[in-house]
Amino acid sequence: MKNVLISGASVAGPALAHWLRRHGFAPTVVERAPAPRPGGQAIDLRGAARTVIERMGLLDAVRAAHTGVRGMANVDESGRRVVEFPAEALGDSGGIIAELEILRGDLVELLVGAAQDGVEYLFGDSITSLTEHADGVEVTFAEAGTRTFDLVVGADGLHSNVRALAFGPEREFVTDLGYQLAIFGLDAPPSLGDWQLMLNLPAANGVGGRMASLYPTPRGARGYLYFVAPTGFCGQKQAVAAAFEGAGWEVPHLLRGMWAADDFFTDRAAKVHVDGWSRGRVVLLGDAAFGGSVGMGTSMALVGAYVLAGELAAAGGDHRVAFAAYEAKLGDYVRANQRPMPGGTRAFLPSSALGIRLRNGVTRAMLAGPWRKLLTGDMQSKSESVELADYGVVVQGFGRGA
C-alpha cells in the first residue's frame with residue numbers, strides 16, 4: 001500500500017483521496033485552513049465530471065444541493081433584462097450557467113464526507129519543504145514535524161505551495177489575465193428571484209470595464225464584482241468599493257453586503273501552464289496544474305482526480321508510468337477547456353458603454369440562431385472530450401464500477 005500526501009482539501013484533494021482509498025492506497029490530506037472551507041462561489045458540474053460524481057455515488061446528493069438557479073441575465077442600471085441565458089439554452093453543460101450548479105462549500109462537504117474511511121486529514125497545517133529520495137519524499141510540515149511519503153500531490157490551487165516547492169516560483173507558471181474578482185455572501189434583494197443577474201459598467205473610477213453580479217442561493221445570495229485593473233492592483237474591500245462608487249442598480253446593496261461579509265475573497269484572474277505536471281514523485285492536480293479555464297475548473301479537477309488515481313492503480317503504484325499516462329490522457333481535454341471564451345476579457349468586461357451595447361446585441365443575435373454554441377466556444381463538446389476508463393476498485397466494501 002502506497003502512502004500518498006495530498007496538499008489541499010478543496011475539490012481536487014478530497015476527490016483524489018476518495019479514489020485513492022478505493023484503489024487501496026493510504027491517502028493523507030493536509031490543508032492550511034482549520035477545517036473544510038465553507039462558502040465560495042457557485043460552480044458548474046459539466047460533461048465528464050458528472051460521470052465521475054455519479055461513479056462516486058454522489059450524483060443524487062449533488063442534485064439535492066442544486067442552487068436552483070434557472071439561468072443568467074444581463075441587466076441595465078434600471079434592472080431591465082437585456083440578454084437572457086436559460087440554463088438549458090446551450091445544452092446541460094454548455095451554457096454560462098450549467099444545468100447542474102452547486103455552491104463550492106456544499107460540494108466540498110460532500111467530497112470530504114466521501115473521503116473519510118482510511119483517509120488521514122491534517123487541518124491547520126502546511127508543507128514547508130520537500131526533499132525527494134530514492135524511495136520517497138521527505139516532507140516537513142509547519143506543525144506535524146517530518147514524515148516520508150511515497151508520493152506527493154499538489155492539489156492546492158492557483159497559488160500552489162507544492163508547485164512552488166517542487167517546480168519553481170509562481171511567476172514561471174501563472175499568467176495574469178488583467179482583471180480582479182471579489183466574491184462574498186450577502187442578503188438577497190427582493191428583486192433577485194431565481195436568476196443570476198449581471199450588470200456591465202464601462203471604465204470609471206480609475207479602473208477599466210466592470211461587472212457586478214448577484215447570484216441567488218438557498219441561503220441568501222453571492223455577490224460578484226469584477227473589474228479590469230493592472231497587475232499588482234491591491235483589491236481589498238476599500239479598493240473594490242472605490243472601483244464601483246456611484247454605480248446604480250443593486251450595486252449599493254452589493255457594496256453594503258461586501259463591507260459586512262466575513263467570507264470576502266478577492267484575487268487576480270489568472271491562467272496556469274506547466275510543461276510537465278510531475279517532477280519525480282511529485283505531481284500537480286487541478287488548478288495547480290491547469291487553472292484558468294472559464295466554467296470548467298471544478299469539472300477538470302474532478303476528472304483529473306479520477307484519472308490520476310486510476311492510472312496509479314493501473315500501473316501498480318509505479319508513479320513514472322502513472323504520471324505519464326495521467327498527463328497523456330488529459331492533455332487534450334485540458335488544453336481545449338483552457339481556451340478563453342470568444343472575445344476573452346474584452347467581451348466579458350467591455351470598457352465603454354458602446355462596447356457593452358454591441359456585446360449584448362451580438363449575444364442576442366447568436367442566441368437566436370443555430371450558431372449559439374459558439375458563444376461559449378462549444379463548451380458542451382469540450383466538457384465531454386475525454387474518455388473515462390473503468391479502472392475498477394480493490395478495497396473491500398466499495399464494490400466495482402469505479
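Author: In this predicted model, the crossing of α9 and α10 is right-handed. Helix α9 covers residues 297–314, and helix α10 covers residues 319–338. Angles over 145 degrees count as roughly antiparallel, so α9 and α10 are roughly antiparallel to each other.

Now the contact itself. From α9 come Ser299, Met300, Val303, Gly304, Val307, Leu308, Glu311 and Leu312. On the α10 side, they meet His319, Ala322, Phe323, Ala325, Tyr326, Lys329, Leu330, Tyr333, Val334 and Asn337. By type, the contact residues of α9 and α10 split into 12 nonpolar, 4 polar and 2 charged.

Next, the salt bridges. The whole structure holds 13 of them. One of these pairs aspartate 263 with arginine 222, at 2.7 Å from N to O. Aspartate 263 sits in the loop between α7 and β16, while arginine 222 belongs to strand β15, so the bridge ties together parts 41 residues apart in sequence. Aspartate 263 is partly exposed at 28% relative accessible area. Arginine 222 is buried at 7%.

Another salt bridge joins aspartate 44 and arginine 46, whose closest N and O atoms are 3.1 Å apart. Aspartate 44 is buried, at 9%. Arginine 46 is buried too, at 0%.

A further bridge links arginine 163 to glutamate 170, with 3.9 Å between the closest N and O atoms. Here arginine 163 is buried at 0%, whereas glutamate 170 is partly exposed at 30%.

Methods. Residues are numbered from 1 along each chain as its sequence is written. This is a predicted model: local features need pLDDT of at least 70, side-chain atom pairs count only at pLDDT 80 or more; totals for chains, interfaces and linings use all residues. Side-chain values use heavy atoms; hydrogens and water are left out. Axes are lines fitted to C-alpha atoms, for helices over the stretch in contact, and angles run from 0 to 180 degrees between N-to-C directions. Helices (H or I, at least four residues) and strands (E, at least two) are DSSP runs, numbered from the N terminus. Angles under 35 degrees count as roughly parallel, over 145 as roughly antiparallel, 65 to 115 as roughly perpendicular and the rest as oblique. A crossing is left-handed if the near helix is turned anticlockwise from the far one by less than a right angle, and right-handed if clockwise. Contact means heavy atoms within 4.5 Å. Ala, Val, Leu, Ile, Met, Phe, Trp, Tyr, Cys and Pro count as nonpolar, Asp, Glu, Lys and Arg as charged, and the others, Gly among them, as polar. A salt bridge is a side-chain nitrogen of Lys or Arg within 4 Å of a carboxyl oxygen of Asp or Glu. Buried means under 20% relative accessible area, exposed over 50%, partly exposed in between (1.4 Å probe, protein chains only).
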